[in-house]
Amino acid sequence: MADIIHEYFKKTMEDMTILVRINPETMIGLELIVLPDGQISKTERALDETVYEDLEFDEFEAGSPIEFNLYLKGLTK
């Protein structure tokens, strides 16, 4: 099995931060929605090639793998 380098994206708004991880091989994504009170919801999504256009249109920026994984593991306040 080959190692996969995921791609990460982030968008910060007043009432939430959205972090996205995409596996470019399988096009499976994991979305984290982080609320100001620290609650985190996780949603796995099957994506297609247009996801990159959608993320650009919605003004997502390149994200940090470390930040994503800290939230995923519940290691943030």
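At 38% relative accessibility, Arg45 falls in the partly exposed class, the range between buried (under 20% relative accessible area) and exposed (over 50%), taken with a 1.4 Å probe and protein chains only. Before going on, note that this is a predicted model, where local features need pLDDT of at least 70 and side-chain atom pairs count only at pLDDT 80 or more, while totals for chains, interfaces and linings use all residues. Residues are numbered from 1 along each chain as its sequence is written, and side-chain values use heavy atoms, leaving out hydrogens and water.

**Exercise 1. How many salt bridges does the structure hold, and what does Glu67 pair with?**

Step 1: The count is two.

Step 2: Glu67 bonds with Lys10 in a salt bridge, and their closest N and O atoms are 2.9 Å apart.

Step 3: This pair also links distant parts of the chain, with Glu67 in helix α2 (residues 65-72) and Lys10 in strand β1 (residues 7-12), 57 residues apart.

Step 4: Glu67 is partly exposed at 21%, and Lys10 is partly exposed at 23%.

**Exercise 2. Work out which strands β1 pairs with.**

Step 1: The rule is that two strands pair if DSSP finds at least two bridges between them.

Step 2: β1 runs antiparallel to β2, and six bridges join them; one of the links is Tyr8 with its β2 bridge partner Arg21.

Step 3: Between β1 and β2 there's a hairpin of four residues.

Step 4: β1 also pairs with strand β5 (residues 61-62), again antiparallel, over two bridges. Here Lys10 has Glu61 as its bridge partner.

**Exercise 3. Is Thr17 buried or exposed, and what does it touch?**

Step 1: Thr17 belongs to strand β2 (residues 17-23).

Step 2: At 15% relative accessibility, Thr17 counts as buried.

Step 3: Leaving aside residues up to four places away in sequence, Thr17 touches Lys10, Lys11, Thr12, Leu32, Ile33 and Val34, where contact means heavy atoms within 4.5 Å.

Notes
Salt bridge = Lys/Arg side-chain N within 4 Å of Asp/Glu carboxyl O.
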